[in-house]
Amino acid sequence: MIRYLRSTLLVLVILEVSGKCGNSATWADARITGPFTCQADFSLAGLEGVLDSLASLQNDLVQLLGVAPAKEPIEIYLFHDKATYSAYMKRYLPGVPERKALYVKNQGPGRVFAFWSRDVEVDLRHECTHALLHASLPLVPLWLDEGLAQFFEVSAAQRAQGHPQLDGVRRNVRRREVPKLQTLENKVEVAQMGRTEYRDSWAWVHFMLLGPPAAREELKAYLADIQHNTPPGRMSTRLANRLPQLDTLYVGHFR
Ligand SMILES: [Zn+2]
């Protein structure tokens, strides 16, 4: 439950910021893994497994979604505690929301900020999923962005059955409640995304990636259209056309 509440607070921020990183903080360690350059104010020795799981994310997005590898490097800044992280964010990125971890994108490379905690691996996978998507695709609809970030935030072994959102989704399915994808598609501001929207976004992504193969094929085709700057239309329309019994299939997937 704690993880569920926490994950709904993770957001992405795409905005114009002029903050520069690393011009004053002392970085004690740095590693390169996949497209990520990670700098930390503490030793990263022993954290190779965490960093490797981020590199695996890139492979997963390519294999599972057909998304091209990131076209630009992504910078990760890790702090040893929350106070240091908060002070740094206030100083160099004033105006961004106060969150446990953040993905920030402006004209330069995407940047992920986080601090060490027992949730750091989940925080990093979530924010780095945002970063990888935006380093490859010209746009990502908000609901899909958050749905994918949540899907990939847990370890690969937990994606199918181990996500904290699953219990709530199953409870609704037992009442035959199917969230409206059209409603999610109308949310275009981060502030419009509450717990319900995060849960429903995760559920639709789970359905598309682990449900009927035709649903995943449609998601991949949708992302390929975005990748090639072809207007993709609405995912809700495409899914309904591809799978006429969509609501029934959704209920069957989670039951
Ligand atoms: Zn997010």
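**Exercise 1. Work out how enclosed helix H5 is in this predicted model.**

Solution. Start with who is buried: Leu142, Trp143, Leu144, Asp145, Glu146 and Gly147 are, and Leu148, Ala149, Gln150, Phe151, Phe152 and Glu153 are too. That makes 12 of the 12 residues of H5, so the helix is largely enclosed by the rest of the structure.

**Exercise 2. Find how H4 and H5 are oriented, and which residues meet between them.**

Solution. First, take the geometry: the helices pack at an angle of about 135 degrees, and their axes are 8 Å apart. Angles over 145 degrees would count as roughly antiparallel, and 65 to 115 as roughly perpendicular. H4 and H5 are therefore oblique to each other. Their crossing is right-handed.

Next, pick out the residues. From H4 come Val122, Arg125, His126, Thr129, His130 and Leu133; they meet Asp145, Leu148, Ala149, Gln150, Phe152 and Glu153 in H5.

**Exercise 3. Describe H2: its span, its buried residues and what covers them.**

Solution. H2 runs over residues 48-65, and its 18 residues reach 25 Å from first C-alpha to last, close to the expected 26 Å. Its buried residues are Leu51, Leu54, Leu57, Gln58, Leu61 and Leu65. Their cover includes strands E2 (29-33) and E3 (36-40), along with helices H4 (120-134), H5 and H9 (213-227). Just past the end of H2, Gly66 has a positive phi of about 70 degrees.

**Exercise 4. Decide which residues call for caution.**

Solution. Look at the whole chain first: the mean pLDDT is 90, and 90% of the residues reach 70 or more. Then look at residues 1-20, where pLDDT stays under 50. The model does give that stretch 39 contacts beyond four places in sequence. Still, where pLDDT is low, the predicted coordinates should not be read in detail.

Notes
Residues numbered from 1 in each chain as written. Predicted model: local features only at pLDDT ≥ 70, side-chain atom pairs only at ≥ 80, totals over all residues. pLDDT = per-residue confidence, 0-100. Contact = placed C-beta atoms within 7 Å. Buried ≥ 20, exposed ≤ 12 C-beta atoms within 10 Å, placed from the backbone. Helix = DSSP H or I, 4+ residues; strand = E, 2+ residues; numbered from the N terminus. Expected span 1.5 Å × (residues − 1). Axes fitted to C-alpha atoms, helices over the stretch in contact; angles between N-to-C directions. Parallel < 35°, antiparallel > 145°, perpendicular 65-115°, else oblique. Left-handed = near helix turned anticlockwise from the far one by under 90°.
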